[in-house]
Amino acid sequence: MTEIGHARPRAEDARLVTGRTRWTDNLTPAGTLHVAYLRSPHAHARIDRVDVEAARRRPNVVAVLTGKDLAEEQGALPCAWQVTEDMKLPAHPPMAVDEVRYAGEPVACVVARDRYSAADALEDIDVDYSPLPVVLDMERAVEDGADLVHSDLGTNASYTWVFEQGDLDAAMRDAPVLLERRFVQQRLIPTAMEPRAVLCEPDGSGPNMDFTLYSSTQIPHILRLMLAVVTEIPEHRIRVVAPDVGGGFGSKLQVYGEEVLALLLARRLGRPVKWTESRSEGNMAVHHGRDQVQKVTLAADRDGTLRGLKVELLADMGAYLMLVTPGVPLLGAFMFNGIYKMDAYSFTCTGVFTNKTPTDAYRGAGRPEATFAIERLMDELAAEIGVDPVEVRRRNWITHEEFPYDTIAGLTYDTGNYEAATEKALALFEYDKLRAEQHDRRERRDPVQLGIGVSTYTEMCGLAPSRVLGSLSYGAGGWEHASVRLLPSGKVEVVTGSSAHGQGHETAWAQIAADRLGVPFEDVRVLHGDTAVSPKGMDTYGSRSLAVGGVALYRACDKVVDKARTIAAHMLEASEDDLEFGGGRFSVRGVEAAGLSIQEVTQAAFAAHDLPDGVEPSLDSDVTHDPENFSFPHGTHLCAVEIDTETGFTKIRRYVAVDDVGNVVNPLIVEGQVHGGLAQGIAQALYEEAVYDADGNLTTTTMADYLVPSAADLPSFTTDRTETPAAGNPLGVKGVGEAGTIASTPAVVNAIVDALRPYGVRDVPMPCTPERVWTALREGGAR
């Protein structure tokens, strides 16, 4: 049995689902001090005075520090993406010094002998604020005379980034169909299962002090480098460990102030310091996602053939630019065209500062926003010309014979078959039968209407070719590293720079290594998430783990086999060219003798008693892999909703997802990723929204206010796959971590709008709550 393609249960789940594992919050070394943060209740204010004396006198309190106390050493949090030369990049102190710019920004901290004493002491810190004007609305923020988030910048626009291909004026000129729409991507809170936690443990003293920082992070390697840059502590003195991490979804693709401050406090106090956020604290302080206003214009011929697309985007940066904040909406720039052919394309994005929590990557990072816009537009086009939504897509998508295809957005899609995925989805969905039922309900004026939504998507995964990131002015590369170590006993250790936070790396990587080396799955151990164990890596985000990190492992295994081949040929007294390797054994071509197992070769290398001249006594190998291109998963998602027109209540009746993620290493893991992605995409469509009041206070700070759906709120999904292997890597894999999120939101909203079109409804703002659906029905019927 081959391991690749085998639906093997995840080996790590036994410890993860029972909680018998090492979460950061489980770790409490002897002498640990606990940190609590006082956070601003104002969205924008000057800090006039911070009185901490009463807090310092509290029992068990060791230290109380303000931003001014740390101003000389805390530096500024990094932004790694200078998207334009004139981008406005205000300094972002880990703890505010003179001014706060969003509710929840840290103002002071208490360090105590236990977490409860630290939290209690916050009540005795007295802060005088002078409130300043609050900027919340992006469109107003860029108007002349608007109040400013950063008065020294003179503007709320951080940057304007323009990308144009083809002659858009010609495409728009005299177009028989010209659709203009305004879509809003609401602000979302990532809400990982495990809140953030940080523990920093110092060792030694003075300039030779070393630090081990444990953090529930997606990016231990990037975090280590950025901590060194911000604090000026030498990088080799910092070890970052990401223990088992309970989800991230992009929210832990970040360098947070609490991580920097943990390092500084540990250095100052010479003791381990620890902080774990509460859920309410996290909702304010974890970076948020989405939050865009999209003005889009689509030009087409009367038969639905696309001519051109214009996108004008306002993207809410929040109060500061964090690690990749400005680049997130630009990732969508290359995806607004979706799977479609057109002659011209224009994209303009303005990043806008507001007095809200900063935004950054959230599952999909720019790609869901782009897919939503183009898939909503395709449904609008179908309605405008009176054609079935699937048919208008067929008339415009890239056919399978046309791959590889250079898109209008400048990418080369290597492989795909949108026809096959769509046909399979339509059959599973019983599309024609549901359309007939919809027609019947409309004829009968049934108070419960049926809507059918279509989403045919693609995305760019495997972030990213380093040269492409360089061309976009990103501050790092997109390579990944893997090492394979063969132990003297014949067991295997795999070291990967991809740091898992729930994706099943330990199982999938062991399957790859077992297949390539011909050893039992149980003989492979996967190590990750510790910069002392895995010193090289670019970490986990952007559906890159398998397509980049997995391919690095694949190639490292092949290097092991190549090294072993030289020694095996010597042992078998044969030419290397005559050796065959399969099932973990070397044999001489045409000779029926048993040959040698790779374990026997490993033991011979370890003994080193009789090796060929010039051959080192080791089979260990490592590879740093930088992909030549992105990978491009795709698929078709179909959603049927029933809407009670008297109450606005929406129920998903059927959901079918057919995805093409290339070759599959573990079908169970793929299924889990799709289900999780669907849950998050549907949640954006129906449930989730970060809401601020007129003063800039976040009103959705608890799970009672911010509606994350449970299993009871979601339908059963019908999922399936087509497999079109990626051409750009030897595994033929494409990536699956974000597919469900990207595809599902427009499928659900398209279904809702489809149900309401007979009532004059053309859009429902997300989340499509019963109240909003009911309001749209009343307003649509009034037109």
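Trainee: Which residues in helix 17 meet helix 18, and which residues in helix 18 do they meet?

Mentor: Contact here means heavy atoms within 4.5 Å. On the helix 17 side you find Val 560, Val 561, Ala 564, Ile 567, Ala 568 and Met 571, and they meet Ile 598, Glu 600, Val 601, Ala 604 and Ala 605 in helix 18. Sorted by class, this contact has ten nonpolar residues, no polar ones and one charged residue. The nonpolar class holds Ala, Val, Leu, Ile, Met, Phe, Trp, Tyr, Cys and Pro, the charged class Asp, Glu, Lys and Arg, and the others, Gly among them, are polar. Before we go on, keep in mind that this is a predicted model, in which local features need pLDDT of at least 70 and side-chain atom pairs count only at pLDDT 80 or more, while totals for chains, interfaces and linings use all residues. Residues are numbered from 1 along each chain as its sequence is written, and side-chain values use heavy atoms, with hydrogens and water left out.

Trainee: At what angle do the axes of helix 17 and helix 18 cross?

Mentor: Two packed helices are described by the angle and the distance between their axes. Helices are DSSP runs of H or I with at least four residues, strands are runs of E with at least two, and both are numbered from the N terminus. The axes of helix 17 (residues 545-572) and helix 18 (residues 598-607) come within 10 Å and cross at roughly 80 degrees, which means that helix 17 is roughly perpendicular to helix 18. Each axis is a line fitted to C-alpha atoms, for helices over the stretch in contact, with angles running from 0 to 180 degrees between N-to-C directions. Under 35 degrees counts as roughly parallel, over 145 as roughly antiparallel, 65 to 115 as roughly perpendicular, and the rest as oblique.

Trainee: Is Ser 543 buried or exposed?

Mentor: Buried means under 20% relative accessible area, exposed over 50%, and partly exposed in between (1.4 Å probe, protein chains only). With 12%, Ser 543 is buried, whereas Ala 608 at 34% counts as partly exposed.

Trainee: Where are the cis peptide bonds?

Mentor: One joins Phe 403 and Pro 404, with omega about -5 degrees. Pro 404 lies in the loop between helix 12 (389-394) and strand 16 (405-406). Another joins Met 766 and Pro 767, with omega about -10 degrees, and Pro 767 is in the loop between helix 20 (739-756) and helix 21 (770-782).

Trainee: What does Gln 680 touch?

Mentor: Gln 680 is in helix 19 (residues 667-686) and is buried at 12% relative accessible area. Not counting residues up to four places away in sequence, Gln 680 touches Pro 190, Phe 249, Tyr 362, Arg 363 and Thr 741. The side chains of Gln 680 and Tyr 362 are joined by a polar contact of 2.9 Å. That term means a pair of N or O atoms within 3.5 Å; within protein, one must be able to donate a hydrogen and the other to accept it, and residues adjacent in sequence count only if both atoms are side-chain atoms.

Trainee: What does the side chain of Thr 231 reach?

Mentor: The side chain of Thr 231 reaches the backbone oxygen of Leu 227 at 2.6 Å. Thr 231 belongs to helix 7 (residues 220-231) and is buried, at 6% relative accessibility. Leaving aside neighbours within four places in sequence, Thr 231 is in contact with Val 260, Leu 263, Leu 264 and Arg 267.

Trainee: How many disulfides are there?

Mentor: A disulfide is a covalent bond between the sulfur atoms of two cysteines. The rule used here asks for a pair of cysteine sulfur atoms within 2.5 Å, and the count comes to zero. The sulfur of Cys 349 is 13 Å from the closest cysteine sulfur, in Cys 79, too far for a bond. For Cys 639, the closest cysteine sulfur is 11 Å away, in Cys 768, also too far for a bond. Cys 349 is buried, with a relative accessible area of 0%, and Cys 639 is buried with 0%.
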